[in-house]
Amino acid sequence: MNGQRALNEKLKINWLFSPFSRCLICNELLEKVDEKLILEQVPTNTRLYSKNFWYCKNCKKVYWEGSHTDRMKQQLQKMNKTA
Ligand SMILES: [Zn+2]
């Protein structure tokens with residue numbers, strides 16, 4: 001395994017552990033944010049099942065764990081298998 005390959009493997013693993021490391025819209029690095037700080041931007045039912053929130057300070061988009069995260073993880077795991 002050469003250096004580039006090893007680096008790819010490492011990035012892939014990190015991506016699976018923290019799928020929201022970057023904003024899907026502007027690619028800015030996301031910051032973990034306290035639920036209390038983004039209350040108004042998150043639907044009430046979302047707050048019931050998700051305790052992890054991320055925030056893009058560039059476009060102000062808030063991300064949270066939910067069905068769309070699950071789909072993303074499935075997609076990533078599929079990629080991992082075929083890679
Ligand atoms: Zn953004």
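Let's start with Asn 27, which lies in the loop between helix H1 (3-17) and E1. Helices here are DSSP runs of H or I with at least four residues, strands are runs of E with at least two, and numbering goes from the N terminus. A word on the source: this is a predicted model, where local features need pLDDT of at least 70, side-chain atom pairs count only at pLDDT 80 or more, and totals for chains, interfaces and linings use all residues. Residues are numbered from 1 along each chain as its sequence is written.

Back to Asn 27. Its phi is near 70°, a positive value in a residue other than glycine. Buried or exposed? Asn 27 counts as exposed because it has 11 C-beta neighbours inside 10 Å. The cut-offs: 20 or more other C-beta atoms within 10 Å of its own make a residue buried, 12 or fewer exposed, anything in between partly exposed, with C-beta atoms placed from the backbone.

Now Lys 60. This residue sits in the loop between E2 and E3. Phi of Lys 60 is near 65°, again positive and again not glycine. Lys 60 is exposed, with 10 other C-beta atoms within 10 Å.

On to the sheet. It is open, has three strands in the order E1-E2-E3, and the pairing is antiparallel. Pairing needs at least two DSSP bridges between two strands. Which strands are at the edges? Strand E1 (31-33) and strand E3 (62-64), each pairing on one side only. From one strand to the next, the twist averages 40°; axes are lines fitted to C-alpha atoms, for helices over the stretch in contact, and angles run from 0 to 180 degrees between N-to-C directions.

Last, one pair. E1 and strand E2 (residues 53-55) are joined by three bridges, antiparallel. Glu 31 stands opposite Tyr 55 in E2.
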